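Please walk through this protein with me.

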Amino acid sequence: MKPLIAGNWKMNGLSSSVQEVEKLVGLLSGSAPDDRDILICPPATLIGLFATEFGDEGLAIGGQDCHAMPSGAHTGDISAEMLADAGAAFVIVGHSERRADHGESDALVRAKAQAAQRAGLTPIICVGETQAQRKAGREKEIVGAQLEGSIPAGEGDYVVAYEPVWAIGTGLTPTAKDIADMHSFIRSKIREGVRILYGGSVKPSNAKEILAIAHVHGALVGGASLKAEDFAAIIQAAQ
Ligand code: PGA
């Protein structure tokens, strides 16, 4: 399966950040390698600009969230159709920060994933357990329930991102064995051909090892995707 290396910029980036992406393109020798998919999910304010600037350089652009409805009286929200119109090809849904900060349920995440597919975007559906849940040995029960509740029915395209909440932005990562174990569990729960990304403190120093684990088809990278050198090194670590 073609690896997907996705950068989640979260609430970071201004129009001047174009320079950082130009630097990334330069580090990738002018265009992204075509044996792997490279995605940047900047804040919504930059999607149109990045899609215009970098669409021809082999970089895909994505959103970080979308509303479930195509349009309507939802002040401050952005629909999947609007992201597609701005040039996005993917959208992250159900990130643990949105599940926590905005109380997003599995049912809402599924509705957003369906909205993404309706608009022609590929949703990246995030799942992952908290530290307390892992300590209690409940990680598969939690992730299994999130998958069951968040993945849309039907044949539409999607990607799953396994992101243990305790590994996000902390510098902590599960052992290779624990990642392998969870990814093979996820594999057994979803249909063939769907990519499963690992996310949570992926850095240049651990990317090669993580990306070589069975059933890991790429990475969702937060902090390290903001720096061109780091993101380029992670992209280059993908086989
Ligand atoms: P991190 O974030 O790489 O900074 O841990 C990953 C994510 O939240 O998607």
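This is a predicted model: local features need pLDDT of at least 70, side-chain atom pairs count only at pLDDT 80 or more; totals for chains, interfaces and linings use all residues.

Residues are numbered from 1 along each chain as its sequence is written, and side-chain values use heavy atoms, with hydrogens and water left out.

Start with the pockets. On a 1 Å grid over the protein atoms alone, a pocket is an open set of points with protein on both sides within 12 Å along at least five of seven lines. A cavity is a set of points where a 1.4 Å probe fits but cannot get out. Lining residues have an atom within 4 Å of a point. Points are joined across faces, edges and corners, and a volume is the space filled by probe spheres set on them.

The largest pocket has a volume of about 520 Å³. It is lined by 22 residues, and Lys10, Gln64, Asp65, Arg98 and His102 are the closest to its centre. Helix α4 (residues 96-101) gives the largest share of this lining, three residues. Helices here are DSSP runs (H or I, at least four residues), strands likewise (E, at least two), numbered from the N terminus. By class, the lining has nine nonpolar, seven polar and six charged residues. Nonpolar covers Ala, Val, Leu, Ile, Met, Phe, Trp, Tyr, Cys and Pro; charged covers Asp, Glu, Lys and Arg; the others, Gly among them, are polar.

The second largest pocket has a volume of about 180 Å³. Its lining holds 16 residues, and Gly169, Ser201, Val202, Gly222 and Gly223 lie nearest its centre.

Now go inside. The structure holds one cavity of 30 Å³ or more. About 40 Å³ of space lies in the largest cavity. Among its lining residues are Trp9, Leu24 and Phe231. Helix α1 gives the most to this lining, with three residues. The lining divides into seven nonpolar, one polar and two charged residues.

Finally, find Arg195. It lies in the loop between α8 (176-189) and β7 (196-199). Is Arg195 buried or exposed? Arg195 is buried (under 20% relative accessible area; exposed is over 50%, partly exposed in between, with a 1.4 Å probe and protein chains only), because its relative accessible area is 14%. Its side chain reaches the backbone oxygen of Lys2 at 2.8 Å. The side chain of Arg195 also makes a polar contact with the side chain of Asp37 (2.8 Å). A polar contact is a pair of N or O atoms within 3.5 Å; within protein, one must be able to donate a hydrogen and the other to accept it, and residues adjacent in sequence count only if both atoms are side-chain atoms.
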